[in-house]
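Hi,

Here is the structure I promised to pass on. Have a look at it first, and then read my notes below.

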Amino acid sequence: MIALGIALPAAEAAVPEGADGPPAPGADGSPVPAVPGADAPVPAVGRAWPVGVRPPVTRSWDPPATEYGRGHRGVDLAAPPGTPVRAIAPGHVSFAGRVAGRGVVSIELGSTGDPPLRITYEPVRATAKKGDEVAPGDIVGVVEPTGSHCQASCLHWGLLRADTYLDPLSLLPPGLLRRGPSRLLPVIGVPEGPPT
């Protein structure tokens, strides 16, 4: 994908984090200054995957070697068109709309430090609106059939603190990263209650 040189309000600055090119500099062309707290650790606040139970990661996070270097500023998760896209943690929708023809939903995660963490999903047809409060598992949109930068249909999931790109998988606790779906097993050797 190509970085977008669009000047957005601060609350919507997270929108183009799926870009593989350089992030946009300040409005006057100067580099964006460092933000205090941008290097704070990422808390594992995720309680759900954005799509499915444990979707395949088709492309991993690949941080650029330099601020303007090439890389992949997020992860791509396999997801066919129409797949529900869910909030992974509590927060509020800070952007729901289109950027460069792609549907984008951005969620600011509460209680994740100052500045707070923001996640972004694309390409998504939003069902949530800017300002909506969301809980883990709430549907915020569906994967769009077009506009993806994947070879097959996918959801691009990005994470930022201020203008610093981070690995979105770091939001998920280790058990959620490793574990598959819960399965009920037969109960063997447990005495039954008294006959009725």
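**What turned up**

Arg73 lies in the loop between strand 1 and strand 2 (75-78). Please keep in mind that this is a predicted model. Although Arg73 carries a charged end, which sits over the ring of Tyr165 at 5.4 Å from its centre, the residue counts as buried because its relative accessibility is 1%, below the 20% cut-off. The side chain of Arg73 also has a polar contact with the backbone: one of its polar atoms is 3.0 Å from the backbone oxygen of Gly69.

Next, the aromatic rings. The count here is one aromatic pair. The partners are Trp49 and Trp157, with ring centres 6.4 Å apart and planes at 65°, so the pair is edge-to-face; the angle needed for that is over 60 degrees. The two residues are 108 apart in the chain, and the pair links distant parts of it: Trp49 belongs to the segment before strand 1 (57-59), and Trp157 to strand 10 (residues 154-161). Trp49 is buried at 3% relative accessible area, and Trp157 is buried as well, at 0% relative accessibility.

Trp157 comes up again in the largest nonpolar core, which has 29 residues. Along with Val85, Ile107, Ile119, Tyr121, Val140 and Leu171, Trp157 is among those that touch the most other members. At least two residues of this core come from each of strand 2, strand 5 (102-109), strand 6 (117-122), strand 9 (139-143) and strand 10.

Best wishes

Terms used
Residues numbered from 1 in each chain as written. Predicted model: local features only at pLDDT ≥ 70, side-chain atom pairs only at ≥ 80, totals over all residues. Heavy atoms only, no water. Phe/Tyr/Trp six-rings, centres within 6.5 Å; stacked < 30°, edge-to-face > 60°. Helix = DSSP H or I, 4+ residues; strand = E, 2+ residues; numbered from the N terminus. Buried < 20%, exposed > 50% of the residue type's maximum accessible area, 1.4 Å probe, protein only. Lys NZ or Arg CZ within 6 Å of the ring centre and 35° of its normal. Polar contact = N/O pair within 3.5 Å; in protein donor to acceptor, adjacent residues only side chain to side chain. Core = buried A, V, L, I, M, F, W, Y, C linked by side-chain atoms within 4.5 Å.
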